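Trainee: Hi! Could you walk me through this one?

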Amino acid sequence: MKTNLFGIAMLATAAATSAARATDYAAEVVSYDNSQSGSYNNPQVVLGRPSIDTQGDFSMFEDIVAVVPVFGPWRNTEIYRVGTGTSLVVKFDHPVLNDPLNPCRVDFIIFGNTIQSVGSGQYWRNGDPNLTFIQSTLVTAEPAIVSVSQDGQTWSTFVNGPFADDFAPTLGRIYDPANYDPLLENNLWWGSPTIPTYPLNPAFGPQNLLGLSVAQAAMRYGWSAGGTGFDLSNLDPPLAWMQYVRVQHPGTGLTPEIDAFADVAALAFPDFDCDSDIDHDDFVVLDRCLTGPNAGPPAAGCERADLDRDGDVDQSDFGMWQRCARGPGARADFNCMNGP
């Protein structure tokens, strides 16, 4: 199986950005109340990366299978339930920055166990993902209220969302039948783990998966593991950074489940629309951000278009886009900016 060079490069980029960043994921459970969590009562399972694989529902199959948007993590060793009237607080081991180089302005991601329904009375039964089609926009979300803090005392809340345990469902592995993982049972399709620090575009929604096969849905995710993305700029007032995240039961409705928290890796890379390919859509963004040589800095929102980090957006940045462009649906190779 090929090495996930893009993931390695992103991790290296994150490490270079913050020497104090020991992990990309929540590192400590600060407080919780599991009195209403049932058997999903171990908050420590939310630390570290989100689930890659899970076990089948015993009524359908019992294999260890890749987590996909229509079949999420569900075991009590994978998710923690935020019960009625309770909350969960976690801490990162470093400040999570409101960084203009974060893809699609997403600063952190929360992973739950939301799934998108297959629809038409069908269910995911593992097997060839090219043969199961998503025929519904119904999402089994259990939205939870999210707040963040710099000190664990003063909190800022995403009052109108986004919400935890909401869209997008998790994708544990990339669809890569040429390099499938032979250690996964009954698997001829799922390869390297996805990258939880690489977000989907926040505009991506359930309607974007309608009519697609599970394989096509995974290809739309590309390198991303999905999850719900949060931008610290959307708080009132905006925050430059945070270190604590609180997830609260909304007071009514179903009980949210949490899998993981991830800090988005900041990087200048020509996938400007966060769909894991580099194509004409990304060129449109680059063209809009052009300043010309020595005519920077780029306008707000265009910081990631300065691919060579020289303070402007010009022909040299276009050359990097050109070297990386492979067209729609072709997963990007981070090493492309270094030339052939």
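**Disulfides and a sheet**

Mentor: The structure holds 3 disulfides, a disulfide being a pair of cysteine sulfur atoms within 2.5 Å. This is a predicted model, where local features need pLDDT of at least 70, side-chain atom pairs count only at pLDDT 80 or more, and totals for chains, interfaces and linings use all residues. Residues are numbered from 1 along each chain as its sequence is written, and side-chain values use heavy atoms, with hydrogens and water left out.

Trainee: Which pattern do the disulfides follow?
Mentor: Counting bonded cysteines along the chain, the pattern is 1-2, 3-4, 5-6.

Trainee: How many Å apart are the sulfur atoms of Cys 104 and Cys 274?
Mentor: They are 2.2 Å apart. The torsion about that S-S bond is about 125 degrees, so the disulfide is right-handed. The pair links distant parts of the chain, 170 residues apart: Cys 104 is in the loop between β5 (87-97) and β6, and Cys 274 is in the loop between β13 and α3 (280-289). Those labels are DSSP runs numbered from the N terminus, with helices (H or I) of at least four residues and strands (E) of at least two.

Trainee: Are Cys 104 and Cys 274 buried or exposed?
Mentor: Both are buried, meaning under 20% relative accessible area, while exposed is over 50% and partly exposed is in between (1.4 Å probe, protein chains only).

Trainee: And the link of Cys 289 and Cys 302, left-handed or right-handed?
Mentor: Left-handed, with -75 degrees about the S-S bond. Cys 289 lies in helix α3 and Cys 302 in the loop between α3 and α4 (315-324), so this pair ties together parts 13 residues apart in sequence.

Trainee: New topic: why is strand β13 largely enclosed?
Mentor: Strand β13 (residues 257-263) has 7 of its 7 residues buried, so the rest of the structure largely encloses it.

Trainee: What is the order of strands in the open sheet?
Mentor: The order is β4-β13-β6-β11, 4 strands with antiparallel pairing. Here β4 and β11 (228-230) stand at the edges with a single partner strand each, so one side of each is left without a neighbour in the sheet. Two strands pair if DSSP finds at least two bridges between them.

Trainee: How many bridges join β6 and β13?
Mentor: Strand β6 (residues 108-112) pairs with β13 over 5 bridges, in the antiparallel sense. As an example, Ile 109 has Ala 262 in β13 as its bridge partner.

Trainee: How many bridges join β4 to β13?
Mentor: There are 2 between β4 (residues 80-81) and β13, also antiparallel. Arg 81 has Glu 257 in β13 as its bridge partner.
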